[in-house]
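Here is a short briefing to read alongside the structure. Take a look at the sequence and the fold, then follow the topics below.

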Amino acid sequence: MMHATPYDGSSRLFQIGTRPLPLEDWLEPDACLAEQLREKARLQALGTPDIFAELPESRAAQAELLALLVDYLPARFPHLWQATGTGLRILPLDQVVATEAEDAPLAVAAKLVQDDLLLLQRGDEGWRLTAGSLAFPSSWVLAEKLGRQLDAIHDPVPGFGPGTRSAQIMARMFDATRPETPMIRWNFSLYGDDRLHHPDSLGPGIRRFGHGDRADPVILRVERQTLRKLPETGAMAFSIRISTESLDQLASRPNAPAIAAALIDQVRALTPEQLDYKGLTLEKDRLLARLTELGGS
């Protein structure tokens, strides 16, 4: 069952909302590990564009991240990963990933975990994105962000672009983060389907949740995001694990009315700019009506 934290009101949209995370809990594979790794492999086999991108200066950080995963995964989750002579065996798939492959280290790392993996590195002008494996984007394209500074990456997000207080706080947080203390935050969006690979954004005037009187389907798409500073290169590793849950599934939870009420509160609090960014400008009323069906008010 999906973690309720991102939309039960304890983590709110358009807030940085990071908190320290015990090092042993850096990653948190769930029951969808095998399914999502198969989907990554399928997208790769199809030649899906913009899944991987790198700048040459990122290779040392890529190698450091891969080495950390090779040590961490079998030690923390021995029921899921097992070290072999050539790499790591993913037990749910009975598949060995060769960790000394000639591929870019980050591309190899992405075959081990269901999370998408991004690397940001500090330069004279600040933190910028230097490499990424992004199989499951939530309405953004990796190639459009590669090489850009942290504030420019977040330029489309209301209140997070260059010159904003949030951008300044993020940069200071990146600088201050210690390798021994990863950070975690949650984010969520609402979509009309449960596709994992979702680079496209709906244009203005397009309904997100179907065309009937009732918003259906409505899919909650949750991102478990972590930030871990790499001790040797000083790069920041950013992980994103996607979970999806429909409102129909949510309705079966004992606490569904409380979650629906918290969601209603968050949606009502969004500014016009935030509603537009989340693709909810046309859908606010239908969405609130659907959430009210779950017992929210």
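F77 has a relative accessible area of 8% in this predicted model, and because buried means under 20%, F77 falls in that class. F77 also belongs to a cluster of aromatic rings, in which ring pairs connect it with W26, Y72 and W81.

**Aromatic cluster**

- Searching the whole structure turns up four aromatic pairs.
- In one of them, W26 and Y72 have ring centres 5.1 Å apart and planes at 55°, so this pair is tilted.
- W26 sits in the loop between β1 (19-20) and α1 (33-45), while Y72 is in helix α2 (residues 59-76).

**Nonpolar cores**

- As background, nonpolar side chains tend to be buried together in soluble globular proteins.
- Which residues touch the most other members of the largest nonpolar core? They are L120, F174, L190 and L287, out of 52 residues in that core.
- Another core lies apart from it and has 30 residues, among them Y72, L112, A235 and A237.
- L190 has contacts with R208, F209, V218, I219, L220, L280 and L287, leaving aside residues up to four places away in sequence.

**A buried lysine**

- K278 is found in the loop between α9 (272-277) and α10 (284-293).
- What is the nearest side chain of opposite charge to K278? That is E223, 6.0 Å away. A salt bridge needs the charged atoms within 4 Å, so K278, although buried, has none.
- The side chain of K278 does reach the backbone oxygen of F188, at 2.8 Å.
- A polar contact also joins the side chains of K278 and S189, at 3.0 Å.
- Leaving out residues up to four places away in sequence, K278 touches L13, F14, N187, F188, S189 and R208. R208 is also on the list of residues that L190 touches.

Conventions
Residues are numbered from 1 along each chain as its sequence is written. This is a predicted model: local features need pLDDT of at least 70, side-chain atom pairs count only at pLDDT 80 or more; totals for chains, interfaces and linings use all residues. Side-chain values use heavy atoms; hydrogens and water are left out. Helices (H or I, at least four residues) and strands (E, at least two) are DSSP runs, numbered from the N terminus. Buried means under 20% relative accessible area, exposed over 50%, partly exposed in between (1.4 Å probe, protein chains only). Lys and Arg count as positive and Asp and Glu as negative; His and the chain ends are not counted. A polar contact is a pair of N or O atoms within 3.5 Å; within protein, one must be able to donate a hydrogen and the other to accept it, and residues adjacent in sequence count only if both atoms are side-chain atoms. Contact means heavy atoms within 4.5 Å. A nonpolar core is a set of buried Ala, Val, Leu, Ile, Met, Phe, Trp, Tyr and Cys residues joined through side-chain atoms within 4.5 Å. Rings of Phe, Tyr and Trp (its six-membered ring) pair if their centres lie within 6.5 Å; planes under 30 degrees apart count as stacked, over 60 as edge-to-face and the rest as tilted.
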